[in-house]
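Morning, everyone. I have one structure to go through today, so please have a look at it before I start.

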Amino acid sequence: MRGVTGDHYFTAEPDAATAGAERIVEFAAGGHEFSLRVTGGVFSAYRLDPGTGVLLRKADLPGPASAGNLLDLGCGYGPIASVLATVAPRATVYAVDVNARARALTAANTAALGVRVSAPDEVDQAVRFDEIWSNPPIRIGKSELHALLALWLPRLAPDGVAWLVAGKHLGGDSLHRWLVDEGWQVERRASQKGFRVLRVARN
């Protein structure tokens, strides 16, 4: 998604001119209703991205008793982080994004939920994640996407699980094959509306 100045949602510091008017995105997930603030210059501004919607419907959301560390990788304005922190209040939820405006929106949208919002390089290297959730930024390019996942997936706990969603037309099946080639155990948990939901774990 480009802003009026040519910014992408993965731009670190979006131009102020791309923000536009603030709106509210409403959606339901995990038996809860959500109303989140959003402006332009972030991923899927002004609606819940269809891939994120499929991920939240088809992946196994953690339960109320779930603890440990959960990561929303590429959080945008915070829909996944908001859901995780709501359905698993005992867990510690991290939300990371390179986009400063996205982080500010996520921080505002999850202020009452205790989500730890930060830039990627601000997360303690010692932290390991029981679950990683992501609608990864496919449009950054294949090599950059692979580098991103190669950086974060090894930070799964030994029995940790990653839930990823990717559009078939944007390379969801090739991403599946690449993950397998990299030594991960990958299960296509669902296909809906042209999106693949992948469950990724260590072999």
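I'll begin with the pocket. The largest share of the lining of the largest pocket comes from helix 4, residues 142–152, which supplies three residues. Keep in mind that this is a predicted model. The space in that largest pocket is about 380 Å³. There are 20 lining residues, and the closest to the pocket centre are Gly-74, Val-98, Pro-120, Pro-137 and Leu-148. Sorted by class, the lining has 13 nonpolar residues, four polar and three charged.

Next, salt bridges. How many does a search of the whole structure find? The count is five, and I'll take some of them in turn.

Glu-22 pairs with Arg-37, with the closest N and O atoms 3.0 Å apart. Glu-22 sits in the segment before strand 1 and Arg-37 in strand 2, so this bridge ties together parts that are 15 residues apart in sequence. Both ends are partly exposed: Glu-22 has a relative accessible area of 44%, and Arg-37 is at 35%.

Asp-60 and Arg-189 also form a salt bridge, at 2.8 Å from N to O. Asp-60 is in the loop between helix 1 and strand 3, while Arg-189 is in strand 8, so the parts tied together here are 129 residues apart in sequence. Arg-189 has another salt bridge, to Glu-187, with closest N and O atoms 3.1 Å apart. Through shared partners, Asp-60, Glu-187 and Arg-189 make one network.

Last, helix 2, residues 79–87. Eight of its nine residues are buried, among them Ile-80, Val-83 and Leu-84.

That's my part; over to the discussion.

Methods:
Residues numbered from 1 in each chain as written. Predicted model: local features only at pLDDT ≥ 70, side-chain atom pairs only at ≥ 80, totals over all residues. Heavy atoms only, no water. Buried < 20%, exposed > 50% of the residue type's maximum accessible area, 1.4 Å probe, protein only. Helix = DSSP H or I, 4+ residues; strand = E, 2+ residues; numbered from the N terminus. 1 Å grid on protein atoms, 1.4 Å probe; cavity = no way out; pocket = protein on both sides within 12 Å on 5 of 7 lines; lining within 4 Å. Points joined across faces, edges and corners; volume = space filled by probe spheres on them. Nonpolar A, V, L, I, M, F, W, Y, C, P; charged D, E, K, R; others polar. Salt bridge = Lys/Arg side-chain N within 4 Å of Asp/Glu carboxyl O.
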